[in-house]
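Here are a few exercises to work through with the model open in your viewer. Try each task before you read the solution under it.

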Amino acid sequence: MVIIMKKIIIYIINIFILILFLILTVSLTIKDITIDTAYKTTISTNKKENIKKEYPEIEQIEDVEIKNIISKYIDVIARDEDITITNEVEKILNKYNISEEQKEEIISKVNEKNDEIIETVKKEYVPSERDKFMLSVYNFLDSNILRVIIIILIFLFFILIVSLQESLYKWMKEIGSDLIIVGLSIIFILPNIITNINNTSLDISSIIDLGKLYFIIGIVLIIIFLIIYYIKKRKLALSI
């Protein structure tokens with residue numbers, strides 16, 4: 001009876017861990033998804049090529065640098081923050097052989113334009129009730145406090161699983177199985193759910209990559225578990 005109860009408790013804990021991993025995954029990637037989608041929908045490959053043809057001097061600007069700037073403006077809408085892109089612009093300008101005076105002049109003009117953009121966004125963007133709800137969900141998920149709480153809960157559940165198992169190494173089987181299930185769910189099921197909920201072309205490559213990482217770690221843990229299990233089984237057989 002005690003063994004059955006232990007198995008039931010471990011099964012319930014595994015369900016909670018699966019849910020926590022899924023929430024943590026969304027929390028870790030929601031900003032990247034938003035940035036990648038904004039970048040994909042506003043700056044197409046053709047647009048980039050046309051801009052580079054017209055302004056060949058910006059050839060050295062990389063996608064990640066553009067995404068860092070987009071990230072700042074997302075914070076303006078999501079958190080109603082006043083932002084500056086001075087650091088981002090300075091990193092870009094450092095690639096070019098220009099004087100400090102030229103650099104300061106460009107940064108000054110960019111900051112002026114940046115202030116205009118923020119003022120325009122705050123003045124003209126009036127979120128609907130649905131938008132307000134979506135922004136509150138976004139801010140909740142994109143929270144370091146939430147991530148810390150989830151990681152602590154996963155760690156506590158992990159300790160509980162270890163304490164309920166007969167052998168110290170058997171936790172690898174439970175956590176490994178959880179990671180494999182979460183990984184496969186993210187890779188194959190989550191994209192379909194997102195497509196059905198939201199018809200827009202969300203760029204979920206970052207969350208898929210994390211799903212693949214979970215799957216690989218899960219497989220590694222299961223393999224290590226099986227190796228230890230068969231080594232112990234062989235030793236036991238030889239000792240009889």
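**Exercise 1: An aromatic cluster**

Ring pairs join Phe225, Tyr229 and Tyr230 into a cluster. Keep in mind that this is a predicted model.

Task: Work out whether the pair Tyr229 and Tyr230 is stacked or edge-to-face.

Solution: 
- Start with what you need: a pair of aromatic rings is described by the distance of the centres and the angle of the planes.
- Take the distance: the ring centres of Tyr229 and Tyr230 are 5.3 Å apart, and rings pair if their centres lie within 6.5 Å.
- Take the angle: the planes of Tyr229 and Tyr230 make 75 degrees. Planes over 60 degrees apart count as edge-to-face, so that is the label for this pair.

**Exercise 2: A pair across the chain**

Task: Find how many aromatic pairs there are, then say which helices Phe21 and Tyr214 sit in.

Solution: 
- The count comes to five aromatic pairs.
- One of these is formed by Phe21 and Tyr214, with 5.5 Å centre to centre and 65 degrees between the planes, an edge-to-face arrangement.
- Now check burial. Phe21 has a relative accessible area of 12% and Tyr214 has 6%. Buried means under 20%, so Phe21 and Tyr214 are both buried.

**Exercise 3: Ser27 and Ile77**

Task: Decide for Ser27 and for Ile77 whether the residue is buried or partly exposed.

Solution: 
- Ser27 is in helix H1 (residues 2–42). Its relative accessible area is 0%, so Ser27 is buried.
- Leaving aside residues up to four places away in sequence, Ser27 touches Leu141, Asp142, Ser143, Leu146 and Arg147.
- Ile77 is in helix H3 (residues 63–79). At 39% relative accessibility, Ile77 comes out as partly exposed.
- Ile77 and Val126 are 49 residues apart along the chain, and their C-alpha atoms are separated by 10.0 Å.

**Exercise 4: The whole chain**

Task: What does the secondary structure come to, and what share of the 240 residues is buried?

Solution: 
- Count the elements: nine helices and zero strands.
- Buried residues make up 33% of the 240.
- For contacts with a separation of 6 or more, 76% are between residues 24 or more positions apart.
- Finish with the surface: the chain exposes about 15900 Å², and carbon and sulfur atoms supply 65% of that area.

Terms used:
Residues are numbered from 1 along each chain as its sequence is written. This is a predicted model: local features need pLDDT of at least 70, side-chain atom pairs count only at pLDDT 80 or more; totals for chains, interfaces and linings use all residues. Side-chain values use heavy atoms; hydrogens and water are left out. Helices (H or I, at least four residues) and strands (E, at least two) are DSSP runs, numbered from the N terminus. Buried means under 20% relative accessible area, exposed over 50%, partly exposed in between (1.4 Å probe, protein chains only). Contact means heavy atoms within 4.5 Å. Accessible areas come from the Shrake-Rupley method with a 1.4 Å probe; for residues, only the protein chains shown count as cover. Rings of Phe, Tyr and Trp (its six-membered ring) pair if their centres lie within 6.5 Å; planes under 30 degrees apart count as stacked, over 60 as edge-to-face and the rest as tilted.
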